[in-house]
Amino acid sequence: MPKKKAIVLFASAIPKKVDRDLTLPAKFQRLLDRMPIIERVNGRKVAIKMHLGGGLGYSTIHPLFVKLLVDHVKKGKPRSVFVTDGSVKNASDRGYAKETVGARLLPAVGTNGKDVITKRTGWTPMKTVEIGKPIADADVLLNFSHAKGHGACGYGGACKNLAMGCVPDSTRAKMHGLEGSLEWVRDKCIRCDKCIKECTSNANSFNKKGEYNIFWHHCRLCLHCMMVCPTGAIRIENRKFDLFQEGLARTAKVVLDTFKPGHVFNINVLSDITIWCDCWGLTTPSLVPDIGIMASEDIVAVDQATLKAIKTTDLIPGSITPPYKLGKGRHLFEKLHGKDPFCQVRELEKLGAGTASFLIEKVR
Ligand code: SF4
Ligand code: SF4
């Protein structure tokens with residue numbers, strides 16, 4: 001029997017002519033009408049999980065789309081609706097506030113970062129994960145993700161939005177820990193202190209002997225210190241990117257399993273597709289022209305379709321920020337980051353979270 005295909009709705013960012021009703025926000029409203037969101041949210045507690053960015057980043061999902069989504073959810077008369085991310089601090093800098101999006105903003109792991117529940121994964125490399133109680137307590141999840149590149153897994157979309165964004169620092173550290181542990185090489189260090197300035201957790205320092213120290217209690221293993229080091233003095237031996245992506249998939253599956261079937265909707269926004277994740281607090285040029293919005297009840301299908309739509313042949317000349325350059329690989333993100341971005345999608349499919357076999361239905 002042929003494999004059943006998951007439906008992925010697609011609203012193109014390119015209007016056929018200059019007409020407000022043919023632009024992306026208008027199509028987004030029609031896309032939402034085609035999903036059974038209104039009937040599912042009735043009387044229920046609804047979480048809209050996003051990546052709200054930080055610092056000087058300006059390429060996260062525009063607040064207008066969040067407002068349109070919240071307005072749509074409210075038509076279904078939910079018990080409550082909130083927008084959430086690991087941290088919502090300073091989200092108003094990028095225009096996310098109750099006044100603009102029409103819903104409360106709540107941290108996914110509580111204001112103290114410790115409102116979590118522990119779940120078993122059944123997987124030896126990472127036996128347990130903690131997920132935010134506000135997420136686990138919700139009845140319906142709208143997984144609203146910005147599609148972009150990612151240094152450690154090639155791609156950040158629906159899977160990563162749940163795996164990294166619904167958990168406390170301790171679980172994020174466990175996932176990054178799957179790649180290996182940090183090592184400092186004295187001979188390579190020029191004491192520029194870029195690593196110290198980059199660490200927002202106050203986890204690293206140089207001691208009196210000039211040795212690099214990490215206070216592991218504070219360290220989130222975000223690897224930002226390693227990425228900014230100009231000489232490669234901070235490194236991870238034998239980085240296991242595939243294992244990291246499996247960790248992402250396993251954690252995302254744990255989050256998904258806290259919801260009843262049919263109570264998760266995945267919406268990927270394929271615009272401002274940059275080389276790095278929004279967690280860096282900066283924005284570099286878009287690598288390809290804006291594509292649009294994809295949505296599905298199937299998380300595997302939506303990430304597979306998103307990755308397929310981001311093509312090296314559409315690369316905008318001059319959009320790659322040095323020292324990055326195109327290397328080997330089958331996908332644009334693999335050529336840039338050296339990691340197969342489909343790995344997390346395959347792992348999620350193996351875990352039974354959905355199918356990578358999809359059918360696009362255009363929203364006009
Ligand atoms: S990995 Fe992240 S949290 Fe840990 S020391 Fe480096 S910058 Fe700080
Ligand atoms: S960024 Fe690298 S070279 Fe600069 S102080 Fe830190 S470890 Fe040394």
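What domains does the domain assignment of the protein chain give? The assignment gives domain 1 (6–176 + 240–363) and domain 2 (181–236), the bounds coming from an automatic or database domain assignment. This is a predicted model, in which local features need pLDDT of at least 70 and side-chain atom pairs count only at pLDDT 80 or more, while totals for chains, interfaces and linings use all residues. Residues are numbered from 1 along each chain as its sequence is written, and chains are lettered from A and ligands numbered from 1 in the order in which they are written.

**View 1. Domain 1 and domain 2 of the protein chain.** The centres of the two domains, taken over C-alpha atoms, are separated by 29 Å. Their contact takes 6 residues from domain 1 and 6 residues from domain 2, where two residues are in contact if their C-beta atoms, placed from the backbone, lie within 7 Å. On the side of domain 1 that touches domain 2 there are 2 nonpolar, 2 polar and 2 charged residues; Ala, Val, Leu, Ile, Met, Phe, Trp, Tyr, Cys and Pro count as nonpolar, Asp, Glu, Lys and Arg as charged, and the others, Gly among them, as polar.

**View 2. The residues around ligand 1.** Of the 13 residues around ligand 1, those that come nearest are Cys-199, Asn-204, Cys-219, Cys-222 and Cys-225, a residue being near a molecule or strand if its C-beta atom, placed from the backbone, lies within 6 Å of it. The shell divides into 8 nonpolar, 3 polar and 2 charged residues.

**View 3. The residues around ligand 2.** Among the residues around ligand 2 are Cys-189, Cys-192, Cys-195 and Cys-229, together with Arg-191, Asp-193 and Lys-194. By class, this shell holds 8 nonpolar, 1 polar and 3 charged residues.

**View 4. Helices α1 and α3.** The axes of α1 (residues 24–33) and α3 (residues 63–75) come within 10 Å and cross at roughly 30 degrees; helices are DSSP runs (H or I, at least four residues), numbered from the N terminus, and axes are lines fitted to C-alpha atoms over the stretch in contact, with angles running from 0 to 180 degrees between N-to-C directions. The two helices are therefore roughly parallel to each other, a term for angles under 35 degrees. Pro-25, Phe-28, Gln-29 and Leu-32 of α1 make the contact with Leu-64, Phe-65, Leu-68, Leu-69 and His-72 of α3, giving 7 nonpolar, 2 polar and no charged residues.

**View 5. Helices α6 and α10.** Helix α6 (residues 158–165) packs with α10 at an angle of about 80 degrees, with their axes 8 Å apart, and α6 and α10 are therefore roughly perpendicular to each other, a term for angles of 65 to 115 degrees. Cys-159, Lys-160, Leu-162 and Ala-163 in α6 meet residues of α10 including Leu-248, Val-255 and Leu-256.

Methods
Parallel < 35°, antiparallel > 145°, perpendicular 65-115°, else oblique.
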